[in-house]
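Biologist: I have a protein model to learn from. Please show it, and then I will ask about its parts.

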Amino acid sequence: MKYEKKAHDSVHAALASDDILCEILLRLPEKSVFKLILVSKKWLHLICSNSFRSSYHSRWRENVHLLGFFVCNFLYLGRPRDGFRRPPWEPALPLLSTCKEGDDLKFSGILKQLGYFIDSSNGLLLCGRHPMTYYVWNPITKQPYQLPQPQQFYRSLCMAFIIEDSHDDAICYKVIRAKCVCKPVDVNTVSIETFSSKTSTWKQSTLTCSSSFALCPRTVATVIKGVVHWFAAQRNLAIYDPYLGLRRISLIKLPAGELSYDYEESVLGESSDGLLQYGQSSMLGIEIWVLEKEQSSNSSIYKSTHSGERWILRHKLNFRAMWKQNPTFTEHSKESQILSFLPRNSESVFIRSGSNIFLYDFESKRLEVVHYQGRGSSISWDSSKIVPYFRPTWPCSSYVNDLTV
């Protein structure tokens with residue numbers, strides 16, 4: 001009896017320690033962890049905290065849920081006064097829903113209040129109407145927040161949407177507007193304006209580069225660990241880290257693969273090992289490159305101008321071979337292209353063929369059709385960006401009151 005009581009007290013003492021409890025929970029699969037939030041308020045707060053979630057996803061791959069694909073037509077977003085007008089029957093923020101949760105969002109009426117789609121991150125939506133009106137919609141509260149009007153007027157611009165970690169588990173973010181110069185001028189600076197949810201204000205600053213450059217207008221940055229990556233002219237990437245405080249932009253040349261001079265579509269994303277990955281496609285196929293630290297001298301490596309890093313070819317896909325390996329899809333468009341990466345994923349990629357969207361797995365070489373609700377035939381695919389919308393499956397601390405009542 002004394003031994004059992006001693007063992008019982010030891011277990012309770014161990015579970016009372018946050019460090020020991022975290023180590024135990026980090027070893028469990030996600031479904032088991034989610035069930036344990038009902039044990040107590042302490043366990044719920046611990047599991048929902050940003051620090052535990054980050055530690056868990058450093059060991060296990062983060063699961064996300066695809067709600068659908070947002071359609072952003074560049075003919076309407078930030079159009080000039082004499083530009084194309086959106087017809088009344090066409091929604092400003094179309095969503096090609098892929099599940100019931102996507103249907104609920106699509107028919108809730110909230111999308112009609114947000115303007116045009118700009119970007120999404122960690123489930124939050126950034127929408128609005130260039131160049132002065134922007135909203136951030138929170139899927140937890142179901143409420144839109146209208147940002148204060150920017151102080152700077154940029155006729156042509158590109159943007160970035162950054163979700164920040166917070167010690168108090170509040171959702172914090174930054175929105176960056178960067179001025180784009182359409183005329184060919186030799187400049188090495190760019191004006192940006194940054195909104196912070198912590199201060200609810202915009203702040204203007206000027207970034208400097210060691211060489212002349214120009215950002216590509218009407219594009220949205222890919223953000224990896226808080227670092228912003230914009231497409232720039234002459235096959236460059238412009239990289240800006242807002243947390244260094246240096247107000248500098250560095251340039252990296254995109255990889256010179258076989259498709260570099262005939263590519264029709266290019267996308268950026270984050271690989272499963274946390275690296276920047278770049279995909280480009282032509283009528284022939286797809287190339288996927290990752291930016292790694294310089295270690296190897298393999299012939300398939302393209303050295304970038306960024307010190308100590310190289311582009312490495314990770315995947316190469318021939319469209320003709322892809323269709324032959326998946327004979328069930330006999331009817332498909334002759335024009336196929338890369339559509340998007342999945343979050344922190346290097347093994348799969350979305351591919352569009354006509355109005356059909358497919359998910360291709362590089363390991364199994366299997367092609368899977370992604371069924372969506374929407375009039376794909378009415379979309380102007382050539383002038384639109386089709387962006388997948390994911391919701392993280394990890395519980396949020398905002399659910400605490402609902403779960404503990």
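**Cavities, sheet and confidence**

Modeller: By the rule used here, this model has two cavities of 30 Å³ or more. A cavity is a set of points, on a 1 Å grid over the protein atoms alone, where a 1.4 Å probe fits but cannot get out. Points are joined across faces, edges and corners, and a volume is the space filled by probe spheres set on the points. This is a predicted model: local features need pLDDT of at least 70, side-chain atom pairs count only at pLDDT 80 or more, and totals for chains, interfaces and linings use all residues. Residues are numbered from 1 along each chain as its sequence is written, and side-chain values use heavy atoms, without hydrogens and water.

Biologist: How many nonpolar residues are in the lining of the largest cavity?

Modeller: The largest cavity holds about 60 Å³ of space. Lining residues have an atom within 4 Å of a point; here they are K179, V181, V187, T189, V190, F213, A214 and L215. Ala, Val, Leu, Ile, Met, Phe, Trp, Tyr, Cys and Pro count as nonpolar, Asp, Glu, Lys and Arg as charged, and the others, Gly among them, as polar. The lining has one charged residue, one polar, and the nonpolar number six.

Biologist: Which strand gives the most to the lining of the second largest cavity?

Modeller: This cavity has a volume of about 40 Å³. Its lining includes V71, C72 and N73. Strands are DSSP runs (E, at least two residues), numbered from the N terminus. With three residues, the top contributor is strand β1 (residues 64–73).

Biologist: Which strands are the edge strands of the open sheet?

Modeller: Eight strands form the sheet, in the order β7-β8-β9-β10-β14-β13-β12-β11, with mixed pairing. An edge strand pairs on one side only, and two strands pair if DSSP finds at least two bridges between them. The edges are β7 (157–164) and β11 (222–224).

Biologist: Which residue in β9 does R177 stand opposite?

Modeller: Strands of a sheet pair through backbone hydrogen bonds, either parallel or antiparallel. Strand β8 (residues 172–179) and strand β9 (residues 189–196) are antiparallel, over five bridges. Opposite R177 stands E193.

Biologist: How many contacts does the model have for residues 399–405, beyond four places in sequence?

Modeller: pLDDT is the predictor's confidence in each residue, from 0 to 100. The chain mean is 84, but pLDDT stays under 50 over residues 399–405. Contact means heavy atoms within 4.5 Å. For this stretch the contacts number eight.

Note on methods: Helix = DSSP H or I, 4+ residues; strand = E, 2+ residues; numbered from the N terminus. 1 Å grid on protein atoms, 1.4 Å probe; cavity = no way out; pocket = protein on both sides within 12 Å on 5 of 7 lines; lining within 4 Å.
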